[in-house]
Amino acid sequence: MSTIKKFKEISKEDSATAGGKGASLGEMTHLGINVPGGFVVLASTFEKFIQKTKIDNKIESILDSVNTKKIQAVNKASTEIQTLILGAKIPKTISSEILKSFKNLNSEYVAVRSSATAEDSASTAWAGQLETYLNTNKQELIENIKKCWASLFSSRAIIYRFEKDLHKQKISVAVVVQKMIESEKSGIAFSVHPVTQDKKQIVIEAGFGLGEAIVGGEITPDSYVIKKEPRKIINININTQTKGLYRSKNIANEWRAIPEEKGKKQVLSEKEILDLSEIILKIENHYKFPVDIEWAQKDGKFFILQSRPITTIGKKILKVSFSPEEYEILFRLKDKSNYLINTFLLDGSLKYADPLIINKDGFWTFYLSKKGLKKIEKRGFDLFRKKDLFNQYSRSFYSYINKANKNTIPKYQSLGVLDSKRFKSAIKDLSALWYFYGFTEAVYHDFTYQQMLKTKNKNLKKTLNNNLNTLIGLKEKGRKIFNAYVMKDGIINKILTTIESQKSMETRNASYLTIEELEAILKNKKINHELIKQRKNAYVLSAFKGKLKTFDFEKSIEIARIFENYEKKQYKKAEKEITGVPVSRGIAEGKVIIAPMLDKKEAKKIAEKMKKGDILVVQSTNPDLMILCEKAGAIVTNQGGMLSHAAIISREMKKPCVVGTIFATKILKDGDFVKVDADNGVISILKRI
């Protein structure tokens, strides 16, 4: 029986003996893909090893008795099995053949990778479960192979086999031994967009140095999106790389500083991107399923180090784009638990605008797709120019105001014991309040006003103006109701804290749950505490066909990272010209006054040095800053959207206002002279201090 097989002796049919990784490398070698040479220590060799050393029955006995629901028991079983493997001596007949094959590679260093026989199938992926040892020399080779065998029984690998119901089948492990490529550039690639699951796109990530830096999340790589047919690059996102991972003289990897000029450059040229995409497509077309690969480049040549199926593609592809260029920020708030429950918006009036909420590092950011905003604009325009539609809308609004004035809508001043029925009733009322105040104020009114200014039809302009004036009265009444029910008493926050108190949850944890999950808790269903922990790190929600969609932790992290990288790129552009959301029209020029979040006393001190007409630049406004807002010639904020305090008061005071710039307070300084174009949402820096 053979101990090893070269890649050229292996095909995709040999996963039972070479493992998923080994079989894939053999198949790609036959396909003519540039794969670094190597061989596989077969799974049968591992089985022979445990039989010859008489530890096979002991391993089975430990696995049969382990309680996988208790992590301490799993850890204990893992330690016992790994100690047995690492303590046993490999028979000389096996070690001799391995060392002979190593010599034939004519390579000082190799990569030693575990390759489980149940891995990388269409439904399972052991990526990250088993071990890899890079820069392995002759002296370390045998020991590192044993460590790969032992990694089949790490705690996480034991749990994984039970989670995937693999413990009932035979699982073994082969070991890939492959020439080390000291890559100048490296990365990963997906033959299907990993976030949107768009099968017509390829995504490539690239960095300088070894690919482990990208896989381990140690650097932020460049990312490129390529359309398959016709083949073209549709997005390039460049990230500055300050350090890279390289092999050191003492075998181990080490971090080295990358010169600033090189680190700012695009890692792969457009030709290299297209050349690599050809290789990716060749692999996908051969396998006839989506793949993710690890690649390296040395001396201008691409090498494919690994290829495996993408196991996270669902049967139904979510056809929602998460390209940041296609979205616009409505508002961003830090650590405001009362805003997550506004996910009722996703099932309400904005559902056809592909809303997207991203929580990362304590910030909640609410986006609408630019295509969706155009739909909303058209919807608002139709509403205001069509008499029947507008009258129907007005009657509904009046009816709700009358209902509120007669106190037939509960104010929830004292919630007492909150059950699912009362909770649903509260959400229904809050949703109506949002629709008749927030949506009317922020969306229909603003967009229709802009259309009215653009139209040349006098009769249409008169109709729009009359309807807008009617709406102003309704809007003011709606605001009073909204403030009384929501803002003044913080009813949303009160609902969340009541649920947390009733269900003995940690403070703010309720804000990481959807409305449906909160309802379930009130019906005494169990809470997934692990889910809450993950969502505190990253949490993404969207609406698709009117239904709320929540993403798992890994996908949330990926989406958040894509938007975060896009914002870094936008920051560089903003250093020359700052853009945001125009919420109150007009143009103003003046000197910048930066104001931090202040109380009234501190605001008065800044007001004393502020001259009338200065440009107020803040994170966001609040009632304590009104003294500054009144003196300002224009208002610019980092956060907020059409519903923000700054947007509302600037419209009332008829001052130009641009919100949601994200970077304004970081880029501008006191004394800078700027032009605020709130017709187009642009702040131009005319003179630096």
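Met626 sits in helix α21 (residues 626-631); helices here are DSSP runs of H or I with at least four residues, strands are runs of E with at least two, and both are numbered from the N terminus. The model is a predicted one, in which local features need pLDDT of at least 70 and side-chain atom pairs count only at pLDDT 80 or more, while totals for chains, interfaces and linings use all residues. Residues are numbered from 1 along each chain as its sequence is written, and side-chain values use heavy atoms, with hydrogens and water left out.

With a relative accessible area of 22%, Met626 is partly exposed; buried means under 20% relative accessible area, exposed means over 50%, and partly exposed lies in between (1.4 Å probe, protein chains only). Leaving out residues up to four places away in sequence, Met626 touches His645, Ile649 and Met653, where contact means heavy atoms within 4.5 Å. From Met626 to Ala646 the C-alpha to C-alpha distance is 9.6 Å, for a sequence separation of 20 residues.

Asn34 is found in the loop between α1 (15-31) and β2 (38-41), and its relative accessibility of 35% makes it partly exposed. Beyond its neighbours within four places in sequence, Asn34 is in contact with Lys301, Phe302, Phe303 and Ile304.

Gln306 belongs to strand β13 (residues 301-309) and is buried at 6% relative accessibility. Its side chain makes a polar contact of 2.7 Å with the side chain of Arg308. Not counting residues up to four places away in sequence, Gln306 touches Lys21, Met28, Arg113, Asp292, Ile293 and Glu294.

## Salt bridges

Side chains of opposite charge can pair when their charged atoms come close. The structure holds 15 salt bridges, each being a side-chain nitrogen of Lys or Arg within 4 Å of a carboxyl oxygen of Asp or Glu. One of them pairs Glu182 with Arg247, their closest N and O atoms being 2.7 Å apart. This pair links distant parts of the chain, 65 residues apart: Glu182 is in the loop between β5 (173-179) and β6 (185-190), and Arg247 is in strand β10 (residues 243-247). Glu182 is partly exposed at 36%, whereas Arg247 is buried at 17%.

Lys228 forms a salt bridge with Glu284, with the closest N and O atoms 3.0 Å apart. Lys228 lies in the loop between β8 (222-227) and β9 (232-237) and Glu284 in helix α10 (residues 270-287), so the pair ties together parts 56 residues apart in sequence. Both Lys228 and Glu284 are buried. Glu278 forms a salt bridge with Arg231, with the closest N and O atoms 2.4 Å apart. Here too distant parts of the chain are linked, Glu278 in helix α10 and Arg231 in the loop between β8 and β9, 47 residues apart. Glu278 is partly exposed at 44%, and so is Arg231 at 26%. Salt bridges that share partners join Glu229, Arg231 and Glu278 into one network.

## Helices α5 and α6

Helix α5 (residues 92-105) and helix α6 (residues 138-151) pack at an angle of about 130 degrees, with their axes 11 Å apart. Axes are lines fitted to C-alpha atoms, for helices over the stretch in contact, and angles run from 0 to 180 degrees between N-to-C directions. That makes α5 oblique to α6; angles under 35 degrees count as roughly parallel, over 145 as roughly antiparallel, 65 to 115 as roughly perpendicular and the rest as oblique. At the meeting place, Ser95, Ile98, Leu99 and Phe102 in α5 meet Lys138, Leu141, Ile142 and Ile145 in α6.

## Backbone notes

Most residues other than glycine have a negative phi, and most peptide bonds are trans. The bond from Glu229 to Pro230 is cis, with omega near -10 degrees, and Pro230 lies in the loop between β8 and β9. Asn135, not a glycine, has a positive phi of about 50 degrees; it is in strand β4 (residues 132-136) and is buried at 2%.

Conventions. A polar contact is a pair of N or O atoms within 3.5 Å; within protein, one must be able to donate a hydrogen and the other to accept it, and residues adjacent in sequence count only if both atoms are side-chain atoms.
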